[in-house]
Amino acid sequence: MPKISVIIPVYNIAEYLPACLDSVMTQTLSDIEIICIDDGSTDNSPQILDCYASKDSRFKVLKQSNLHAGVARNNGIEVATGDYIYFLDADDMIDPEALERLFNYSQKTPSDIILFFYRSLDLSRKNEIKNKTRHSPVKTFPCKVHFDEHFAYLLGCFVAPWNKLFRRAFLVENNILFDDLICANDRSFFFKSLILSTSILLVDDILMTHRINNNNSLTGTTRLLNFDVHARALKNVVDFCEENDVPAKVKTIIYISAFTDMCFFYFKAPASYRASILSEIKSFWEQQDISFMQEKLRDHTCFPLFYLLQKLDPSSPDDFTCCDIAMKKYDARVKTIDDLNRRISLLKPLEPKKVQLEKTIADLKAKLARANDSDRAIRNSLSFKVGRAMTYIPRKIRDLRKNTNKSGSRP
């Protein structure tokens with residue numbers, strides 16, 4: 001039985017696939033199995049997988065017909081035999097000693113999940129590399145924690161599975177699987193695994209490289225074209241929370257995290273997609289019962305956006321422009337806790353005035369509507385039409401004189 005099963009979903013990623021497979025094949029921990037699931041690729045990815053499998057017996061290549069990454073990972077879990085499971089994306093790379101270090105951690109401090117740091121490789125910025133660490137509630141590493149103790153920090157970690165190592169028996173016994181969605185299929189997996197875990201080991205090692213801004217990845221433009229999956233993914237999480245009596249304080253963070261996630265992809269969307277995406281966000285949240293989190297929501301930086309979406313109609317060009325500007329300002333300004341507090345301090349004094357402001361706007365709209373109706377009535381009246389007809393010739397003579405005077409004044 002191998003120590004770790006590495007599961008890699010593959011779809012049309014031939015450009016980066018060899019680097020990914022090389023990074024796994026050359027691990028200092030040799031007792032591993034490498035399960036690659038080809039999701040119906042139409043490029044050279046299948047041939048690359050077959051080539052590696054012919055050279056290294058640790059490779060297992062599965063085939064499926066474009067059922068997407070969630071199903072691919074689930075199929076990998078089904079055939080995996082390792083003590084632990086690691087999920088890697090086909091355009092990412094893992095450090096040479098990563099699996100050995102993670103397995104050693106697992107033996108010294110057995111845990112359901114081991115959470116580590118990573119670095120990003122930005123393809124849009126000449127392969128700029130940045131270490132992705134996060135302020136931790138613990139002072140020393142490695143540190144074994146429980147979800148109930150640090151749920152706010154843990155729920156704020158990156159949702160993707162590739163910066164975590166999972167105990168296989170934990171996933172199987174709790175039937176923790178990925179959603180059958182074209183993208184965003186790791187949301188419920190992330191939340192369920194954290195909530196159901198009995199222990200989580202935090203380590204401060206940076207152990208893998210994640211490519212970002214890769215338009216050919218499984219999460220490139222596909223998500224923009226299928227934005228409804230965000231709502232479906234969250235619905236799965238909400239159902240799980242209801243079935244397992246998850247506390248309101250945990251559900252609140254999950255809801256806010258989901259809203260922030262939707263906003264993140266709104267910011268990345270081309271202008272042509274934004275109105276429809278904003279309408280989908282509004283429609284989804286109108287269907288949710290968020291009464292349990294109203295007070296907490298008012299103290300969060302996303303509250304102005306919730307308020308805007310409740311009051312405005314993204315299908316209206318004017319309302320959409322207002323929302324779009326607010327969303328962009330939200331994205332640009334809220335970078336730190338100080339920014340968040342400053343936004344809240346600006347927002348709260350305005351709250352008592354909103355009713356009067358809404359009434360004033362309604363009165364102005366009513367007056368404008370009456371003025372437009374009066375203007376149309378005048379223009380459609382018989383006296384106005386007769387008057388226009390009677391003054392037609394004098395107006396033409398006046399215009400002719402003006403043009404003649406202009407021509408005569410030219411040198």
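Two strands pair if DSSP finds at least two bridges between them. Helices (H or I, at least four residues) and strands (E, at least two) are DSSP runs, numbered from the N terminus. This is a predicted model, in which local features need pLDDT of at least 70 and side-chain atom pairs count only at pLDDT 80 or more, while totals for chains, interfaces and linings use all residues. Residues are numbered from 1 along each chain as its sequence is written, and side-chain values use heavy atoms, with hydrogens and water left out.

**View 1. Strand S10 and its partners.** Three bridges join strand S8 (residues 143-145) to S10, and the two run antiparallel. Val145 stands opposite Ile200 of S10. Strand S5 (residues 93-94) is also antiparallel to S10, with two bridges. Here Ile94 has Met208 as its bridge partner. Strand S6 (residues 113-122) pairs with S10 in the parallel sense, over eight bridges.

**View 2. How enclosed is strand S10 (residues 200-212)?** Buried means under 20% relative accessible area, exposed over 50%, and partly exposed in between (1.4 Å probe, protein chains only). Ten of the 13 residues of S10 are buried, so the strand is largely enclosed by the rest of the structure.

**View 3. A salt bridge between Arg101 and Asp205.** A salt bridge is a side-chain nitrogen of Lys or Arg within 4 Å of a carboxyl oxygen of Asp or Glu. In this pair, the closest N and O atoms are 2.4 Å apart. The pair links distant parts of the chain: Arg101 lies in helix H4 (residues 98-108) and Asp205 in strand S10, 104 residues apart. Arg101 is partly exposed, at 35% relative accessibility. Asp205 is buried, at 6% relative accessible area.

**View 4. A salt bridge between Lys251 and Glu242.** The closest N and O atoms are 3.1 Å apart. Lys251 counts as buried, at 13% relative accessibility. Glu242 is partly exposed, at 47%.
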